[in-house]
Amino acid sequence: MSDAPSTPTSDIAHIIVRPWIDPVVDDDGFDPRSRYVELFWLGVLGPTATWLVRRLVAGLEQSPEGYELDLAVTARALGLSYTAGRSSPFSKALQRCVMFGLAHPIDSGLAVRRRIPAISLRHLQRMPEPLQAAHHDWQCTPVRLDELTRAHQLATTMVELGDDMSLIEHHLVALGVRDAVAAEAADNAYRLTRTT
């Protein structure tokens, strides 16, 4: 990764954020606010980069074609100071988003994935044993139709009642729905709201 194009924070105060169109990940990936990302990506990305990618994707939800990001304001909103250059914590968080394939440099900014891919085997093998087991359960436990139907009905009701989309998956888990089922039901409800 070369120093110049890896992250656009050298001497600029604003960058353009655009969506990174990737039909495979866009279809099968995870919302950055999902429990999957919290459980399995957080330890890989680090908390600052995880919060940053969530913030960047939230901006793309408001402006799907892209938007201008004020680096100093965004850094302060995440509790960080902002200084130009690659050594500040905020710049390092941007670099981690690029390094782990959640963003890539474009002219005047970054293209950012709207969905996060499944964690790679390489990163999974470095996780503590309980997280590896949880990931295995997430991926390998069959989903029963009746379980998914119930979860989908609950998620749809939550959407109709105006619940925040980023919390629906967490609410479903609190109601006893298994992680993978809650993720799928919440994701389906979210996608339905975007198409209506």
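Here is a short chat about a predicted model of a protein chain.

Trainee: Hi! How many helices and strands does the protein chain have?
Mentor: There are 11 helices and 4 strands in this predicted model. The radius of gyration is 18 Å, close to the 16 Å that the globule rule gives for 196 residues, so the chain is as compact as a globular protein of that length.

Trainee: Nice. And what share of the residues is buried?
Mentor: Buried residues account for 44% of the 196 in the chain.

Trainee: Which residues touch the most other members in the largest nonpolar core?
Mentor: Those are Val17, Trp41, Phe90, Val112 and Ile119, in a core of 38 residues. Elements that each supply at least two residues of this core include strand 1 (14-20), helix 3 (35-45) and helix 6 (89-99).

Trainee: What does Phe90 touch, leaving out residues up to four places away in sequence?
Mentor: Its partners are Leu52, Leu71, Thr74, Ala75, Leu78, Leu80, Ser81 and Tyr82.

Trainee: Switching topic: how much space lies in the largest pocket?
Mentor: About 480 Å³. The pocket is lined by 24 residues, and Phe30, Arg115, Ala183, Glu184 and Asp187 are the closest to its centre.

Trainee: Which helix gives the largest share of that lining?
Mentor: Helix 11 does, with 8 residues. Helix 2 (23-28), helix 8 (129-140) and helix 10 (165-174) are among the others that each supply at least two.

Trainee: And how do the lining residues divide into nonpolar, polar and charged?
Mentor: You'll find 9 nonpolar, 6 polar and 9 charged residues there.

Methods
Residues numbered from 1 in each chain as written. Predicted model: local features only at pLDDT ≥ 70, side-chain atom pairs only at ≥ 80, totals over all residues. Heavy atoms only, no water. 1 Å grid on protein atoms, 1.4 Å probe; cavity = no way out; pocket = protein on both sides within 12 Å on 5 of 7 lines; lining within 4 Å. Points joined across faces, edges and corners; volume = space filled by probe spheres on them. Nonpolar A, V, L, I, M, F, W, Y, C, P; charged D, E, K, R; others polar. Core = buried A, V, L, I, M, F, W, Y, C linked by side-chain atoms within 4.5 Å. Buried < 20%, exposed > 50% of the residue type's maximum accessible area, 1.4 Å probe, protein only. Contact = heavy atoms within 4.5 Å. Rg over C-alpha atoms; globule rule 2.2 N^0.38 Å.
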